[in-house]
Amino acid sequence: MKLSYFELSAIDRAKLQQIVAKGRDWQARHRAQTLLYFNDGLSAKTIVALQDLNIDTVYDRRKNWLSKGFAALYDRHRSGAPPKLNAIHLEQITIWAEKEALTAPAIVARLKEECNVNVSVGTATNALKALGFVWKRTRLWLKKNEMKSGFDKHS
């Protein structure tokens with residue numbers, strides 16, 4: 001496939017160089033480097049060898065840059081599964097957690113019983129973390145473990 005000459009403006013080249021040097025997203029850095037190689041006049045086959053990519057990937061990066069510009073460097077937002085707990089459920093979990101100390105399995109059971117929502121323990125744990133709740137061992141628990149192990153810190 002014969003490609004027409006690929007030219008970047010001085011501003012675009014400087015921005016791409018900055019992305020390669022200091023960008024946080026490794027994929028954007030890699031894609032920007034591909035474009036800089038094209039601008040330097042390297043062939044797609046040479047870029048494939050330098051970056052260990054598939055030839056189609058190299059061509060796609062060039063095509064995406066020409067159609068989308070800098071937006072082509074970054075991954076688009078991917079859709080996922082809708083949240084299993086809505087705002088009403090999260091509000092109910094907050095009320096329950098503030099009233100009494102509940103475990104995640106207990107919250108799952110209450111959600112199933114009172115709200116007819118089936119979620120995993122992991123989902124409940126993540127919801128509690130997102131709501132700012134943390135689980136900490138009590139001092140009593142630590143003292144019990146010290147007694148079981150046969151040593152006393154105060155001796």
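Predicted model: local features only at pLDDT ≥ 70, side-chain atom pairs only at ≥ 80, totals over all residues.
**Entry 1: D75 and its partner**

D75 is partly exposed, with a relative accessible area of 33%. Its side chain meets that of R31 in a salt bridge, 2.9 Å from N to O. I then placed both residues. R31 belongs to helix α2, while D75 sits in the loop between α4 (55-68) and α5, so this pair ties together parts 44 residues apart in sequence. Is R31 buried or exposed? R31 counts as buried, because its relative accessibility is 17% and the cut-off for buried is under 20%.

**Entry 2: R13 and D40**

How many salt bridges does the structure hold? I found four. One of them joins the side chains of R13 and D40, again with 2.9 Å from N to O. I noted that this pair, too, links distant parts of the chain. R13 is in helix α1 (residues 10-22). D40 is in the loop between α2 (26-39) and α3 (44-51), and the two residues are 27 apart. I checked accessibility for each partner. R13 is partly exposed at 22% relative accessible area. D40 is also partly exposed, at 47%.

**Entry 3: K63 and D60**

Next I looked within helix α4. The side chains of K63 and D60 meet in a salt bridge at 4.0 Å, N to O. Why are K63 and D60 separated by about one helical turn? They are separated that way because they lie three residues apart in helix α4. K63 is exposed, with a relative accessible area of 51%; the cut-off for exposed is over 50%. D60 is partly exposed at 38%.

**Entry 4: α5 against α6**

I turned to helix packing. Helix α5 covers residues 87-99 and helix α6 covers residues 104-115. I read an angle of about 125 degrees between them, with the axes 11 Å apart. The two helices are therefore oblique to each other. The crossing of α5 past α6 is right-handed.

Which residues make the contact? From α5 I listed H89, I93 and W96. From α6 I listed I107, R110, L111, E114 and C115. Sorted by class, the contact of α5 with α6 has five nonpolar residues, one polar residue and two charged residues.

**Recap**

Definitions and conventions: Residues numbered from 1 in each chain as written. Heavy atoms only, no water. Axes fitted to C-alpha atoms, helices over the stretch in contact; angles between N-to-C directions. Helix = DSSP H or I, 4+ residues; strand = E, 2+ residues; numbered from the N terminus. Parallel < 35°, antiparallel > 145°, perpendicular 65-115°, else oblique. Left-handed = near helix turned anticlockwise from the far one by under 90°. Contact = heavy atoms within 4.5 Å. Nonpolar A, V, L, I, M, F, W, Y, C, P; charged D, E, K, R; others polar. Buried < 20%, exposed > 50% of the residue type's maximum accessible area, 1.4 Å probe, protein only.
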